[in-house]
Amino acid sequence: MENPRLSIQGISKHFGGLKAVDNVSFDVKSGQIFGIAGPNGSGKSTLFNVITRVPFGATHGTVLLDGQEMQKASPHAISLSGIARTFQRENVFDSLSCIDNVLVAVESHSPKLGFSQQVARAERALEIVGFPPTMHNVKAGSVPVFYRKQLMIASALALKPKVLLMDEPASSLTGPEIDAMKEIILEVSASGVTIVLIEHVLALLMEVSDQLLIIDQGQVIANGLPGEVTQDPQVIEAYLGGAHA
Ligand code: ADP
Ligand code: MG
């Protein structure tokens, strides 16, 4: 069998007595869009925090990227090795121009690259997410939320990731913007990046995911094809029943 690109093995994160992530294991194949869903507070964002070690690593467990152990590496080394992420809230540098935001990421990944090549890489990342060239030099603090999300994704792509972890990219977007975000996710995938996608907008998750993992109270309750997982009685009870929707 083909080795997984990303392998999460028995990952737990405890905050005192709270098992926010509790013995979670799953494999992501190269090229997949791997969806993750679960009620609020089920440990999804904490899982991404632990995988990237931003801001903390796991209490127990192993993360392998192409077979290589990542939990002992620094967050910077993890990003250089090929795991990048976006956050639930858009964290861009408001006082920098849009393209300078992406250049910060290029510089962190490839400080020795010539400036014109750095700019070319930033422009390519912005192009993949469909960011309008006319807005490259506008201050990031003044652009609407959808563009800020594009910038955050472009900055992650500028790190040349093998795997991009996306935490609820569709949150606080309008219907048409969610459709545009779907195209961005597919475009990033087509560019050769493996994607792990946490998303609350289930329609989007179902449309783009090759595989779907459901987490409840820090534990995996289902992992399989999206159409199958959403028929699982335990998933319907925990997540789709309406109580948490
Ligand atoms: P999700 O992203 O699925 O909504 P989170 O991963 O943000 O859930 O949170 C999972 C649980 O862990 C929640 O109960 C949350 O309050 C708790 N938690 C998350 N981060 C911390 C932290 N830094 N310290 C203490 N508790 C935390
Ligand atoms: Mg979250």
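**Exercise 1.** Is glutamine 88 buried, partly exposed or exposed?

*Solution.* Keep in mind that this is a predicted model. Start with the number: glutamine 88 has a relative accessible area of 34%. Now the cut-offs: buried means under 20%, and exposed means over 50%. That puts glutamine 88 in the partly exposed class.

**Exercise 2.** Work out which parts of the chain the magnesium ion (ligand 2) brings together.

*Solution.* First, pick out the donors: Ser45 gives its OG and Gln88 its OE1, at 2.1 to 2.4 Å. Serine 45 sits in helix H1 (residues 44-52), while glutamine 88 is in the loop between strand E6 (83-86) and helix H3 (98-109), so the pair links parts that are 43 residues apart in sequence.

**Exercise 3.** Classify two of the 4 aromatic pairs in the structure.

*Solution.* Take phenylalanine 26 and phenylalanine 34 to begin with. Their ring centres are 4.9 Å apart and their planes meet at 15°, so call this pair stacked. Both of these phenylalanines are buried.

Now try phenylalanine 131 with tyrosine 147: the centres are 6.0 Å apart and the planes are at 90°, which makes the pair edge-to-face. Phenylalanine 131 belongs to the loop between helix H4 (115-128) and helix H5 (145-157), and tyrosine 147 to helix H5, so this pair ties together parts 16 residues apart in sequence. Phenylalanine 131 is buried at 3% relative accessible area, whereas tyrosine 147 is partly exposed at 25%.

Note on methods:
Residues numbered from 1 in each chain as written. Chains lettered and ligands numbered in written order. Predicted model: local features only at pLDDT ≥ 70, side-chain atom pairs only at ≥ 80, totals over all residues. Heavy atoms only, no water. Donors = N, O, S within 2.8 Å, 3.2 Å for Na, K, Ca; no water. Helix = DSSP H or I, 4+ residues; strand = E, 2+ residues; numbered from the N terminus. Buried < 20%, exposed > 50% of the residue type's maximum accessible area, 1.4 Å probe, protein only. Phe/Tyr/Trp six-rings, centres within 6.5 Å; stacked < 30°, edge-to-face > 60°.
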